[in-house]
Each structure stands twice: as structure tokens, then as C-alpha cells.
2 protein chains.
Amino acid sequence: MTQTARIADIGKPRIIIVGGGFAGIELAKSLRQADAQVILIDKQNHHAFQPLLYQVATAGLEADSIVYPFRKIFEDQKNFYFRMAEVESVDTTRQIVHTTIGEITYDYLVIATGATTNYYGNEQIQEHAVPIKTIEDSIALRNKILSNFERALLTDDDEQMNSLIDYVIVGGGPTGVEIAGALAELKLHVFPQDYRELDFLKMDIHLIQSGPRLLNGMSEEASLKALDFLQELGVHVWLNCRVKSYDGYTVEFENGEKLITRTLIWAAGVCGMPIPGLREESVLKGNRLQVDIYNRVLGYKNIFAIGDVAAMITRATPQGHPMMAPPAMQQGKALGKNICCLLEGKPLKAFRYYDKGSMATIGRNKAVVDLNGYKTQGIIAWFVWMFVHLISIVGYRNRLVVLMNWMWSYFSYDKGIRLIIGNKKEKQVAREKEAMPT
Amino acid sequence: MTQTARIADIGKPRIIIVGGGFAGIELAKSLRQADAQVILIDKQNHHAFQPLLYQVATAGLEADSIVYPFRKIFEDQKNFYFRMAEVESVDTTRQIVHTTIGEITYDYLVIATGATTNYYGNEQIQEHAVPIKTIEDSIALRNKILSNFERALLTDDDEQMNSLIDYVIVGGGPTGVEIAGALAELKLHVFPQDYRELDFLKMDIHLIQSGPRLLNGMSEEASLKALDFLQELGVHVWLNCRVKSYDGYTVEFENGEKLITRTLIWAAGVCGMPIPGLREESVLKGNRLQVDIYNRVLGYKNIFAIGDVAAMITRATPQGHPMMAPPAMQQGKALGKNICCLLEGKPLKAFRYYDKGSMATIGRNKAVVDLNGYKTQGIIAWFVWMFVHLISIVGYRNRLVVLMNWMWSYFSYDKGIRLIIGNKKEKQVAREKEAMPT
């Protein structure tokens, strides 16, 4: 496309932010006072609170309560402009981004495109596995889980039935652990009432971790306790185990073992999503952009990267910062201040990450928390987890709805959102029919 | 398909209910004590509260809060079975329904399939207009409205812009009136903050009614006041006006006038959805099934129809009952009792409709209510409308969420769910591009 996207030229330096995740939002907010035009480009019209996607997938929350429209977040910020579009590439010499709505020029470009599911080059797994990285992924997974049970009622064949009600989750990080726990709770408290005709002793949930322990980024205590909690809930945890292949029905492991499932949930890793058009030398392993201590992409003066897509390689962080919300938010905020400094001709300040710790929830009253030297597991950790997530969600309405849903589930042992909605279902069913042997 | 759907034979008379709308749900509930096997078949896994679909379409409510899983409604009812499937036809001699999951035999068959949008045979309108009869319709309409505004920002051409921000609603019944009012409120209170770059004086909302007054089924006072309220909100109401054609861009009326819009919302009528395989003589105009005073389909002993798809033609109801929730619920309940009588060899009782009145809401503090001789319009009517709808929604969790959203909107003048979610968008955009002249 060669046309220019219609957007007012207000005669001020133009800062384009690509991506409205945690990093992009914080950056745009901290540019509130900047004497500049701030343009956020995102393919969605809303920010999504990714840490709770797994609850959407497991019928605990409605999708609408963890997403929030960008225009609403910034309704009072005069220098803010939003365009819903996909950025296709960047022309760094002409200082232009090519998007699905046309070209847009920039003075400063910030890449905050985040991360996507990493299948490590295995196309077969990519084709058949279920990711859980976007709102659409989560709704599709919810629809698939519920449709599977409806279909399981219709077969007399034990293997066919197990393929529908068994789940294999690959990846022992927070997402894998949280989704395994949530599925186990559905198995214990919700599905047996819904599907009285099925025998839930036959339902197996497997969690596959390539390394020797779960929750790699957390303390030894947290790892062990998470394993305990999952086993208490009946989840089969496989450590030191790697998936070799998956054809939509049979999972084969590197050690030769096999499992049957129609639903392999892939939470085994993420990689960055840089924009085409940047120097190849700046793109590191895992598709992240190497940035300096000011989040400037190596080789450019006016192009920055923040959040999951940025890798700030220093002696303290030889792999860059962890690909999680807190570093993204802190980088967004810091870069906002630095861009203001640039605009005003002041010196920049190096980014310093303040690690607040991390946490994961396994189920009702079961969570693990590592906070700055303070470690706890169990019910207190669970309340800490809920509190931290609740206050982090954007928008008071959303916080209220989420809180209400959590209280509801807690006291009723129920999940309210067991709904198959949308038109992805048909495609999945069609795809699965092909994958079905016989 | 010739295979038999897997479903336990419990050695009791089998009652199949096709469709879990208001009628089907009430029927299944009132069969709780029946010594029979009650099988509900629906293509969705949830009941939808149709009277509030328009609020989903206009970003006032999340879809999840007005739908409720069937399995949850009936979790304590032992004789209840659910199958998610589409019924393709019925073989009345073999007493079998053919479904997408196989054949199922019945002793009693109840058709509660409801109604679908009626385009009165105009295929061009059917192809381009937007219906609002299902949850999927409502979400697609919400996505379309919001995407239209995002696209309107990108054009300099006045006609193109107006085609995106103008709306034509066809049908002056409750749905048309309610959606026109809700759009007008978005125009007044919500969109101007979201889209500061657009001039909302240019946004026009047209409501088209073929007859001389709005809300035909209600009192003269209600009709006049609804017209007043809409005009106060800036809606252009066209009475005695009929659409002749619509190509996705230009609406042509029978009187020769024209309007430009990319969004023609069709709320001009519904027709029944009977199951193929029944005697043609039983299918009346508007595709409804003629039933006797016991809701038995004419010509059959063990086949019944209830709700919108049933037309009980009597001297008092020469057109059958109105196609609304109250007659559907009452027929469902009454038929439940009658089937119990049949099973126990007792005489049947003729159906009698108790008309509680009707109501419609136009906007904040603006509703019209006709209740059994009592008529009111304005703020009291608005509270009555909210109260009646709130207590009618299935599920305490849903009631709480809806109440919270309404209170939130009321005090903040805001609609929380301005989200473009799902994958229908792309298709629409693609379709519209074709319809776009030049």
C-alpha cells in the first residue's frame, strides 16, 4: 500500500508506539505531558490483561472483563492518537511505517510488539497444538474444551473418549502450571455435575516440563510446592520430558512414550515479534531486538524497543530481562521519561529493573509467591496473588466484575462462563475430524 | 447420517424438546417430576436472554452475562439429558429425529425452535443487512459498529465517512426502537470522547417503520411517547416508509428516497423455523406450525409446538399469540403439565394466555410500559423495565453482572464493552470493500 494513512499533522514531533501491551500502555501514559504527538498502533482496539488469559480459557472469567479499550484508557490525554492497524514493515531511512491502513511517518518509533508462541520450528506441532497467548486463543480453547465434552458423550469407544477428555499441557512455567491447575479444578468441582453421563475418573491431565523442575524462574520452595499442589489436584506432572511430535491425536515424547489427546495446549515458550525492515544484526536469538540501556535498538538513534520484544543485554542480564509484565511496564515508564529528556535536550537515564518477585496460582487456596526475599505458599500466597492481579487490571468496572466472579466461584465452587460462543468451533471440529484415525 | 446418537435408553417414555429458548426451558423445568426421559437438543450449549441482545450489540453488556449453560440450569434435574446438535428433519412414522449427531427416537416430540429473521424473500437485503436475533449476530454488530468508527477516521471523503457513521434501522417494534435509542445514547455520551477526531454532528440514526406508528403491539400513548423520546435523542424516525432495496451501501425506499449507510440493521420481522418432515398443511404463513389449544401440531398426536414457532389459531387469537417471551414461557409451562397428564392418562387442559402487558426502553430514564390497564412512560417505566428484565435473566451471577453494568453505565454515562473481539470482522471488512463504490 502506498497511500498515506489519514492522521492530523499537529506540527509536533511524532512518536509512534507499535503495540498496546503492558509496555506500550505505560509508555503512552508517561508521555502525557510530552510536547509531541503520540500515536499508538495496535491490531486490536483494546489492551488485554494477559496474566489472566488462562482463566478465560477455563471458563472462570468472561473475556470482556480482562480487556479494556485503548480509547477509553486515554480519553483525557490530549496528545494521544489511536489507529487500529497492523504494521507490516518499517523504512528506517524514510522514517515511515507501512501499515494496513497506509504509510505513517515518525520522528521516534517504539516497538512494543511483545511476544508470540514459540514452537521452536516444529510446524507439525504448530499446526495441531492450541496456543494461549491472545484473547482469541483463550476463547477458542474454552470453546474447544466444552465442545470436547459434548462430543465425548457420543462415543462408546474408550480411546476415542479419552482423546476428548484428556489434556496434555506442554510447558511448566506459570501459564502451564496455572492452566493445569484450573483444568484440575474443573474436573473436580464443575464437570462431574455438568456431564453426569461421563466417568470423570477417566479424565487425565498431563503437564509436561522439559527441565527438572516447574516454575524455573522461581525459588526451589515455590517449584516443589507447586508440584505438590498439582499432584494433590490429580495432575500428572512429567519432568525432564520433551515432546517430539503431535499429529492432533498422538503425542510422542523424546523418550519414546506416547499419550493420546485431541487437545495439546502449548505453553512451552515465546519469542519476540520484531517489525520487518530493521537491521538483521539487531535481531537476536528468540527474535528479540537488542537494545542499549536506554532501550534504543542497536544501530538506530530514534528507534526503541520495550517489553518482551526487547533484549537489554548487560552483565547483570545476559539474556535480557524476563519476558513478563513487570519489566515491560518499567521499561515503558522509563522510556517515556527518556523521550521527554530527548525532546527537551536533556541527558538520558539508564534503565534499572526493580525485580518485585513473581508468583503463580495453582488452584483454590493454592498459590506460590516469591517476593523480594519473602516466600510463601498456600492460602496466604493465594490471596496475595489475587490482590496483586486485581489491582493490576485496567479499569474499575473490570476489577469489580473480576472480583465478583472470583468470589462467586469461591463460594459456589462453580465457574460461570461455560459457554460455547463464536464461529471458530466449526473449523476446529472439521479439522479434528480429519485428524481422527479410522 | 444413519447412525444412532449415543444416549442411554432408561426404559421410560422419551420426550424430545428441540430448542432451549424461553419455551423449551420452561417446558423442561415443568417436566421435572415426570416419569420420563427429557432430552433437550439445541445447537448451542446455552440459553440466551434474547430481550437484551440489543444491549450486547451496543456495548452495554457482555455477551456472557445474558447467556446461561443448559447443563447448569438443569444440574439437579435427574430425568434431564442435553445434546448439542442441530435437528435436520423428523420422520414422523418411525418417530425419529435426524440430527447432526445421528438419529434419536422419541415418544413425544416438542418443537420449540423459535423464530429467525424474516427478510420477506428479499435476498439482496438478506445478503447485506445485519440481523440481531442471536448472540453471534449481536457480537458481530458490535464489532461492526466499532470497526466502522475506526475506519471513518481514515477517510477525507464526506460521503464515505457518512456511510460508516450513519445507521439505518428497519423495524419500529421493540427491537428497532431499543437499538435506535441505544445508538443515540452512544452518539451523545460515549463516542464523542472516544473519537475526538470525528464530528458527531454528522452522525445520523434513522429508524424506518412501515406502518403509521411505532410499537404496534402497544398502546397509542406508548407509541407516541416512544416517538417523542427518540426524537429528543436525535433519531430520525420515518413512518409509513418501506425499504425497497439495499446493496450494502445505498438504501432505496419505495417512495424513491435514498440513504447511504454501510450498516442497515434489520429488525423488521421474524418467521418461524419448523423442522422439515412435518405435513405441509400444518405450516402456516410466516412458517409457524398450527397447533390446537393443547399446543399439539395439527395432524399429529405426539408432536407439539410451543413459543414463536407455534400459532394457536383461535377466535381470540386469529394470528396466534404474539411472538414474544411471555406466551412462549406460558405455553412451555402449560405443555409440561399436559404431558404429565398424558403420561398419567388424565385429561388435558386448554392453554390460556395471561397477557401481562409489554414494555420497551428507549434510553436513560426513558421507557414505555403498558401493564394490564396501567400505563406509564418515562423514568418510572424505565425502572419497571429494568426490574422486570433483571429478575427474568437466568442465573444469580448473570443478574449481578447485568445490574452492576447498568449501575455503572448510569452513573458514569459510559458503556464498558466497546471491544472488537472475534474473527468475523475480517470477513465483514472484506465484504464491505467489495460493496464500496469506486
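This is a predicted model: local features need pLDDT of at least 70, side-chain atom pairs count only at pLDDT 80 or more; totals for chains, interfaces and linings use all residues.
Colleague: Where do I start? Which feature does UniProt place at residues 14-332 of chain A?

Modeller: The unreviewed UniProt entry gives "domain: FAD/NAD(P)-binding" for residues 14-332 of chain A. Treat that as a record entry, since such annotations may be inferred rather than shown by experiment. Then look at the model. Over residues 14-332 the chain is 29% helix and 25% strand. The end C-alpha atoms of that stretch are 17 Å apart.

Colleague: Take one pair. How far apart are the closest N and O atoms of A:Asp158 and A:Lys202?

Modeller: They are 3.2 Å apart, and the two residues form a salt bridge. Next, ask where each partner sits. A:Asp158 lies in helix α6 of chain A, and A:Lys202 in the loop between α7 and β12, so the pair ties together parts that are 44 residues apart in sequence.

Colleague: Are A:Asp158 and A:Lys202 buried, exposed or in between?

Modeller: Use the cut-offs. Under 20% relative accessible area is buried, over 50% is exposed, and the rest is partly exposed. A:Asp158 has 43%, so it is partly exposed. A:Lys202 has 27%, so it is partly exposed too.

Colleague: What about A:Arg296 and A:Asp292?

Modeller: Their side chains also meet in a salt bridge, at 3.5 Å from N to O. Check each partner on its own. A:Arg296 has 18% relative accessibility, so it counts as buried. A:Asp292 has 23%, so it counts as partly exposed.

Colleague: Which residue of chain A does B:Glu62 meet in a salt bridge?

Modeller: The partner is A:Arg397, with 3.2 Å from N to O. B:Glu62 lies in the loop between α2 and β4 of chain B, and A:Arg397 in helix α11 of chain A, so the pair joins two chains. Now the cover. B:Glu62 has 0% relative accessibility, so it counts as buried. A:Arg397 has 3%, so it counts as buried.

Colleague: What links A:Asp91, A:Arg94 and A:Glu103?

Modeller: A network of salt bridges links these three residues.

Colleague: On to the surface. Which residues gather in a patch of positive charge?

Modeller: Lys and Arg count as positive. Here A:Lys333, A:Lys337, A:Lys349 and A:Lys356 gather in such a patch. Pick one member. A:Lys356 is found in the loop between α9 and β22 of chain A. Its relative accessible area is 49%, so A:Lys356 is partly exposed.

Colleague: And which residues make the nonpolar surface patch?

Modeller: A:Tyr374, A:Ile379, A:Ile380 and A:Phe383 make a patch of about 400 Å². Helix α10 of chain A gives the most, with three residues. One residue of that helix is A:Ile380. At 51% relative accessibility, A:Ile380 counts as exposed.

Colleague: What does UniProt list for residues 379-396 of chain A?

Modeller: The unreviewed entry lists "transmembrane region" there. In the model, residues 379-396 are 83% helix and 0% strand. The end C-alpha atoms of this stretch are 25 Å apart. Helix α10 itself covers residues 379-392.

Key:
Residues are numbered from 1 along each chain as its sequence is written. Chains are lettered from A and ligands numbered from 1 in the order in which they are written. Side-chain values use heavy atoms; hydrogens and water are left out. Patches are made of residues with over 30% relative accessible area and no salt bridge: like charges are joined within 9 Å, nonpolar side chains (Val, Leu, Ile, Met, Phe, Trp, Tyr) within 5 Å. Accessible areas come from the Shrake-Rupley method with a 1.4 Å probe; for residues, only the protein chains shown count as cover. A salt bridge is a side-chain nitrogen of Lys or Arg within 4 Å of a carboxyl oxygen of Asp or Glu. The place of a charge is taken as NZ of Lys, CZ of Arg, CG of Asp or CD of Glu. Helices (H or I, at least four residues) and strands (E, at least two) are DSSP runs, numbered from the N terminus. Buried means under 20% relative accessible area, exposed over 50%, partly exposed in between (1.4 Å probe, protein chains only).
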